[in-house]
Amino acid sequence: MKLHYKLVVFAACLVVGRLLFNLLLGNSAAEAPPQKGHEEALQGVQGRLVIPQPTTFRLLQRPILNQQPRLFTKRRKRPAGDRVLNEPVFRLHTWHGEEWMHLAVVACGDRLEETMTMLKSVILFSFNKIKFHIFAEDTLQPQFEKSIEAWPFSFKSQLEYNIYPITFSVGNPQEWKKLFKLCAAQRLFLPMILKDVDSLLYVDTDVLFLRPVDDVWNFLNLFNSTQLAAMAPEHEIPRIGWYSRFARHPYYGAAGVNSGVMLMNLTRIRNQLFKNSMIPTGLRWEELLYPLYHKYKNDITWGDQDLLNIIFHFNPEYLYVFPCQWNYRPDHCMYGSNCRGAEDQGVSILHGNRGVYHDDKQPAFKVIYEAIRDFPFEENLFHSLYFPLQNSFLKTVHTLCGRLPQVFLKQIEQAMRKAYELRVIHVG
């Protein structure tokens, strides 16, 4: 009997000893330093060096923006099959080894300040290299150059720009120039002008980026084998949309699309044949534009946007449709909120059409425009942009568009957090 008790006590001691050993081993593993691959991942993030500003704000961990495409970060190469579960699904879209994002805008008349504010919103939050393609009237060209050259070097270090004259390769140039808004039809000719550019993001002058342009650029990775452009719907509710009620020409889908934010694979556009209502065989982009305009010129109201709707009506398989928060306009809130994506995730790209940046009809749009326009470069983003913007937004909560501040402020706050983390904490 005594031998039995001794065996039981001995076995119990073995169990307790094993537990203590595992516990000690686990604590050692928890205190181990980060693996080398993680350090290399942080070093691979491209960010501009800015002078750290005095602030009490510190990030404990990288914020998660949402489940939209994420910023590309370089990582060390791993052996085939050795996949990390947390590795980002999306990659920076590159063709022929090119790692530049390309953005185009067309400005005529009094659009200098508005365009420069849009470009400023791009540069404040973007992380990868970007090239601006600015199409402007002759009188505006030196003003654009002077304005960009006045930006601090730290913000120009990953920026290149070209300024082009307004040109139309087919038809009557004056007819194209005055189609709807002055010079807006220039966007139709970008595939022929920018022959060395593979992919391009076109935006209107009245657009503001409330998160990194890198994120919308990554939608190129979501195109299937036929899609060559991306736009957002003109309206979320077809029965009250403009195209579904008033259009006298074909348009895309149930409510048409808005061309204020248009992501394009120019190589595919140049190489594709487009079905149309004029001849049984397809036409290339440069062959299609002028005949299409001549056929429908008495029926179109919104100029080049209507022509794009006609093209994609006959070629719907060529279009990728953005969620509404990537082209958020007064129509999404002025008659009641009808963009669920913005309510859930916040506005990613703000489109202040109807001139709302310059009048008092939609103050929620105007305060964001003025905050970005007046922000001094290299000041602290939170102290000199976000906090003043919050205070200004309190004056708009009585309006339909301003009653949900988080719709407008959520993404811009997250973009600032990521910019602060990558440019000050990690780089500094």
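Author: Let's start with the term itself: a disulfide here is a pair of cysteine sulfur atoms within 2.5 Å. Keep in mind that this is a predicted model, where local features need pLDDT of at least 70, side-chain atom pairs count only at pLDDT 80 or more, and totals for chains, interfaces and linings use all residues. Residues are numbered from 1 along each chain as its sequence is written, and side-chain values use heavy atoms, with hydrogens and water left out.

With that cut-off, the structure holds three disulfides. Take the one between Cys324 and Cys339, with a distance of 2.0 Å from S to S. The torsion about its S-S bond is about 95°, so the disulfide of Cys324 and Cys339 is right-handed. Both of these cysteines sit in the loop between β8 (319-321) and α13 (340-345), so the pair ties together parts that are 15 residues apart in sequence. For those labels, helices (H or I, at least four residues) and strands (E, at least two) are DSSP runs, numbered from the N terminus.

How buried are the two? Buried means under 20% relative accessible area, exposed is over 50%, and partly exposed is in between (1.4 Å probe, protein chains only). Cys324 counts as buried at 5% relative accessibility, and Cys339 is buried too, with a relative accessible area of 1%.

Now for the bond from Cys333 to Cys401, again with 2.0 Å from S to S. Its torsion is about 90°, so the disulfide of Cys333 and Cys401 is right-handed. Cys333 comes from the loop between β8 and α13, while Cys401 belongs to the loop between α15 (381-393) and α16 (405-426), so this pair ties together parts that are 68 residues apart in sequence. Cys333 has 3% relative accessibility and counts as buried; Cys401, at 3%, counts as buried as well.

That leaves Cys108 and Cys183, whose sulfur atoms are 2.0 Å apart. Here the torsion is about -90°, so the disulfide is left-handed. Cys108 lies in the loop between β1 (101-107) and α3 (112-125), and Cys183 in the loop between α6 (173-177) and α7 (190-193), so the pair ties together parts that are 75 residues apart in sequence. Cys108 and Cys183 are both buried. If you number the bonded cysteines in sequence order, the pairing reads 1-2, 3-5, 4-6.

In α3, 13 of the 14 residues are buried, so the helix is largely enclosed by the rest of the structure. From first C-alpha to last, α3 reaches 21 Å, close to the 20 Å expected at 1.5 Å a residue (the expected span is 1.5 Å times one less than the number of residues).

As for α15, this helix packs with α14 (363-374) at an angle of about 155°, their axes 10 Å apart. Axes are lines fitted to C-alpha atoms, for helices over the stretch in contact, and angles run from 0 to 180 degrees between N-to-C directions. That makes α14 roughly antiparallel to α15, given that angles under 35 degrees count as roughly parallel, over 145 as roughly antiparallel, 65 to 115 as roughly perpendicular and the rest as oblique. The contact (heavy atoms within 4.5 Å) involves residues including Val367 and Ile368 of α14, and Leu385 and Leu389 of α15.
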